[in-house]
Structures are given as C-alpha cells and as structure tokens.
Amino acid sequence: MKFKALKIFSRVHLVVNGSIILLFVILGGLLYYQARKSIYAETRDNFYNEIEELNNVIELYRVRDKDILNMASNFAEYKINEFSYFEERDSANIVFDAVDPISHKPMKVKIHEWYVDDMSFTQNYFIVDELRKIARVDASIYQKTPWGYVNISTNIVNTNEERLLGDIILNSSEIVQAIEAGNQYRERIYKNGTWYQTIYRPLYIEGKIRGLYYVGLKERIGRALKAIFDGRKYFKEGYAFIITDKGRLSIHPKERGMDFSDTQMFKQLAKHKGKQGILNYVWPEDETGKDWYLVFKYNNLINSFVCISFPKNEVYAKLNKESFFIVLWFILFLIGFQFAINYLNDRVSAEIRTISRLIRDISDKGMVDKVEYSSKKYEEVYRHINQISERYLELDKLVKQLSNNRLGNRLPVILEKDSIGKNLIKLDKKLQRALQIEREGEKEAQLRKWEADGLSKFVSILQQYTDDIEELSYNLINNLVNYLNANQGALFFLNSDNPDDVYFEQMATYAYDKKRLINRKIYPEQGLIGRIYNEKKTIYISEIPQDYLKITSGLGELEPNYLLIVPLLMNMEVYGAIEIASFNKFEDYQIEFLEKLGENIASTINNVQINTKTRKLLEQSKQQSDKLSFQEEMMRKSLEDMEAAKNLSDIKSVELEGLSKAIEKSFLLAELMPDGTIKKVNSNYLNLLGLDESEIIGSNHSNFSSVDVKSIEYRNFWNDLRAGVMVAFEEQIKMPDGSEFWLKSSYFPIKDKKAKVYKIINIAVDITRLKELEAKLKNNN
C-alpha cells in the first residue's frame, strides 16, 4: 500500500507513531547515555572521597606515631636533664669501638669520657632502656668527635641480643648540619624492611653542643589498617587495598604480600605515580576475565597507591534493570495510544470543520462576530479566534486616528504583542518627532534671524562711531543690555600703551550705581574681569559674590541673579571685556551671540586704537622733523658764518670763538684724522654714546659704523673726504654693547696752506627718535 493512497488521518496517524518511536529511541538513547555518564561521575566522585578518607586514616596513624615519637623524644630530654651535673672531662680519654661509616669495618675512636654526677656515662644504658620500657621506641645517644657523632649508648640490639654501638654519623650529613645549628632533625627512613619515624636533637654540656640523642619509632600503619581496609565493602565484590610503587600488595583482603609488578593492571597504574584517577582493567587477565574499575591515589608518605576496585557491571546493574522496564511500559503505551487515537478522531472531526469555517471567514473578512462556544477542549482555539477579531477592530481604530492626524496614541493591551500595532505606534512617534522637528526648525530660524538682526544692528553701530571711542562704547553697551533683555552692563577696553602698566579701562556703563564708577581701572590680577585677561574664556555664574554689584530700581537696590562676562578676542588676543548682569537666565544662543559680537568689537577696537596711535605718531614725527630741519638750518648758517669769518680779516677772534662754542653746545661735534682715527669729541657725543673720552679717542671710525668697512661704498666715502669733498648722509652707529643710534651727519674736510686735507670735522644731529616713529608708523600701516 502506498503512503499517498492513505487518508489524511491515517497518514498523520502513521507519521505520529513513527515519530513517537523514533523520538523514544533517540531520547531514550540520549537519556541512557547521560544516566551512565552521571552514574560514572557520581561513582567516581564518591570513590574519590572514599580514597581521600582512607588516606586521612593513614595520615591519622602517622600523626599518632609522630606524637608517640615526640613524647619519647621529650622524655629522653627530660631524663637527660634529670641529672644534676653532666660533664665531659678532657683528661679522661677512652678508646671506643666504632664502625667506619664508609667501609663499614671496625675501627677505634678516642673519645672524652662523660660523667653524670661523678658517675661514668660510657656504656650506661639507663636512659635508652627507660625509653624502650615506657614508649617502646628505639633510642641512642651519640658523642661528638672530630670524625662525626659516635653512638655510645643504645637500646637497639641484634639477633644475638648485642647492643649496636659505635655507628658514626658523619659531619657532612644533613643530620649533623641541623644539630650544629642548634635545631632538631626529623626524617622517615627505611631500615631492615620496615619504615621508621625518627628524630634527632642536640645534647648540650656546659652550654655547648657535645652530642645528640636519637629516637626512632617503627611505623605500625600496615598492621593497624588491615582490619579497617578489610571492613570496607563496595557493591557486591568491590574491595580496598594498598599496593607499593614496586608492585607488592601491602594490604589486600585475599592476596596480601603478593607481587603484582608483572600484571597489566599494575603497569597501567605505575604510569600514574604521584597522581589520582580512575582506570579500567580486566581481571583475571585471561579469557575468563571481566571489566573492573580501579579508583586510586598515590600516597607519597608511604610510597604506595591506595586503591578501591569494583566490577564495572555492578555500577550500571540498577540502570540496566530500570531501562528494561521502561521499554516494556513504552510498548504497552504505544498499543493503548493507537486505540485512543482512533476513538478521538471521530469526536474531533466536527470541531475541526467548525474551526475551519471560522478561519476561512477571518481570511476573507479580517474578522468574525464573537463566537459563543461550550467545548472545553477547543476553548483556547475559539478564544484566539475572538482575540484576532478584537485585534482587527483595534488596528482599524488606530489607523483611522493616524489618518486624521490625531497623534499621541497608546498601544491597546490586546495589541502589545502585535507587530502591526507596534509599527503603527512607531509611526505615530515618528510623526510626532517630525512635528517636533518642524517646530524646533521654526524656533531655530527665529533664533538665527534674531542673531542676524543683532549682528547687523551692532555692526552698523561699530561702523558709525569709528572716530569716537567714547560714543561708540556708550552706544554699544546701551543697545546690548536692551537687546539681551538684561538689567545692567559695562564695557571695558584693555589699555596696553605702557607694557609695564596694562589694565582694563571701564569705557561705558548702563544702569550702574554711581559708586561703581569710582574704580575705573581693573588690573589682570583683580576680580572676574581680571580673570578674562588670563583665561580668555567666557565667565557665566549664577552665584554672584556678595556686594559685587547691585541693580538700582524703583524698589531699591537688588542683587542680580546671573552675571555674564565675555572677552573681546581677536586671534586669541584680549582687547577688552563685556560685563552683563540680569535677573533672568542667559540662554546659550544669547551667550554665543555675544561671543561672536565680541570678535567684531575687538576688531573695531583694534582699528580705532591703531588709527589713534597712527595720528599721534604722525604728529610726533612732524614735530621731530620740524626740529631737525631747524637744527640743520642753524648748522648750515653757522658753517657759512665760520667760512665767512676766515675771509674777513676785520672779524674779531672773540666772535669766531663764540660761534664755535655755539656749534659745540648745539650739535654732536667730532674731529677725525684723514685715516679715520678719532682725535676729539665734544660732551654731547660722549653723553649720547655713554662712553668716556678715553674709550673713544684714538679708536677708528670703522669701529662704530654699521656699513661694511670693506665695501666699495665705505672706501668711496673716505676717498671723497681725503679729496676735500664734503659728505652728508644718515648713518647708523653700532656700539660694542649692541645698542644703536641714528645720526644725520655732515663731514667737512679741513685743508692746510698747501691745500692738503689734514683733519675732518664731523657735525651731527641725533635722529634716533625720528627713526623709531617711522618704524611704528610702518608697522601700524
């Protein structure tokens, strides 16, 4: 029979059955695997704890042996200290039989004899025998010698009941190193097929270490633990045992003492020396063997593995039994399920037809009238159909609200999980946001217009009063306070004419109290205005310092709530500051507007200050130029008078002398030789240059000239003078200390009767100040 030929219910029935069986197999397999895994982990952890408990028992017995050893050691110390006087006599030397620790051959050793209360201690066994009697421990007393420590008293005997005296502990041993340092020494040693716990302590005579005493206890772990291990049972056949790292069973319920070193089980175990774990092995190791688990942990104290072994099948026996019954019950369930499916099929068909009709109506119309139902079985289906209709109605209402621009709708509870409803609410929020952005845009446009109108207004004021700084200042602050709806304000310009006295000058105020007008200068280190000079940032505060300023009105004097101080900056250079006070808060756009306007004001101030300085410099330059012209004219007339005086024999020498004094008093006067050597200078020259007469007489003109003395220009200058040609020009004088002067000089060659130039007169005027004024004018332009 083909699958497609079956009715829909039969096909569903077949698919469901196959799916249930497949699901059971897969799920059952996974659960069975997980259960085995869980049982394995639980068993492993439980047996790890059990192994740990057995190791704790071993440690407990070791601690007990250690306590017994400590007690015996303390008793030995007590017995030694019990004697009233213990001495070593150098004069009493005896020869003692000893054993060479290297060759193990008999040897003779010379030692000092010890006395206890005047009784010889050599071969005195009272203390060691007392320890054997009370604590059942081995004990020996050793005397210090140049070769090491020699055993002179012991309770250890051989098979012939002879005391084992004379063994030597070498000075190079760790035992002697610890004793010589005044410390005790402990170790676990293996001797005569048995492990011992031992302790060595120093023996003092007259405050010096002259010997040591030894106490050793034979470990009793094996004997004591046999009963404990045999009493532990695990599952039906499991048991605990101890196997040494050499493969010998030290504790085992059946095979104690057997050597398992050649078994595969031990070879596996030996690979895990020093570790803890679990492994599988087969026992017996033949065709009859079965799988076992071995849980182990290596015990470093006894050099053995502490183990628990148990059959593998016993671990999962309960799980396998439970799994069998589960499969059996599943088969019975599957048979009953087939009958139940066939019975329910007929009852479900009618309900399915009704539900199909309702779904078809929803598909065609989007909604149906509310369905009344009585079937409890399909109650949820009918309820969902009604919910779909209700959601459709709510969605329809929401769409109509949006289409009529009624925004701010809330999502109905029934649509909280409906994606269309959520998207409609998102659309509602986006429309609200768009409307808000539109309104904000209108507000921003108004602010831009406010700012543009303000800038236009104040730029016009700045352009209108460029020649009158006081009128400009008053109009600026008056209009600013009103434009910002503030209450009072002040305008400060930075006065930096004198670099040593820089300060803010209050140029104009609006609505300020008269007392505030007294302080018209504010220095960079004073108050909030001073901070502007250093920080170059706007200051906006709402907590104004007490008595900083008050606003006078019809109600009296009131302190403002907000204070705004904006620097007038251009290229990060401060030109002044604007201070505005108000009862109302300053908005960000107002502060930004004032900062932008501050740049324009700073630029205007800069231009006005430059223009003012330029006018002053021009006036100073004109005055200086007029003065120089006057001095030149006087110098020219004086020279003409002197020349005329030489030709008029009737001019008196007194008049000539008076004329010379007038020239010397009014001008810079120097006398030079034709080779450039300075022969004479007047006091005016010396005062200008700041030199003594001895510092300049005899020096050459080239020492002070800024012109390259090797240049053609400088050589031509002196050639003209030597030829008798008068030379006049502006020259720059450079002093050795770096200072400079500008002179307007005239050089007059003086000839003798043979018409040969024998000296040169230099008459000059200081024009340094004029040159500085010209430089300032050039920079300002």
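**Close-up views of a predicted model**

**View 1. Lining of the largest cavity.** By class, 11 nonpolar, two polar and one charged residues line the largest cavity; Ala, Val, Leu, Ile, Met, Phe, Trp, Tyr, Cys and Pro count as nonpolar, Asp, Glu, Lys and Arg as charged, and the others, Gly among them, as polar. Its volume is about 150 Å³, and Ile678, Tyr685, His701, Phe704 and Asn762 lie nearest its centre. A cavity is a set of points on a 1 Å grid over the protein atoms alone where a 1.4 Å probe fits but cannot get out, and lining residues have an atom within 4 Å of a point.

**View 2. Lining of the second largest cavity.** This cavity has a volume of about 60 Å³. Its lining includes Tyr239, His252, Glu255 and Trp283, with seven nonpolar, one polar and one charged residues by class.

**View 3. The open sheet of six strands.** The antiparallel order is β17-β16-β15-β22-β21-β18, where strands pair if DSSP finds at least two bridges between them. Three bridges join β18 to β21 (residues 562-570), and Ile539 has Ile565 as its bridge partner in β21. Strands are DSSP runs (E, at least two residues), and helices are runs of H or I of at least four.

**Model and numbering.** Residues are numbered from 1 along each chain as its sequence is written, and side-chain values use heavy atoms, with hydrogens and water left out.

How values were computed
This is a predicted model: local features need pLDDT of at least 70, side-chain atom pairs count only at pLDDT 80 or more; totals for chains, interfaces and linings use all residues. On a 1 Å grid over the protein atoms alone, a cavity is a set of points where a 1.4 Å probe fits but cannot get out, and a pocket is an open set with protein on both sides within 12 Å along at least five of seven lines; lining residues have an atom within 4 Å of a point. Grid points are joined across faces, edges and corners, and a volume is the space filled by probe spheres set on the points.
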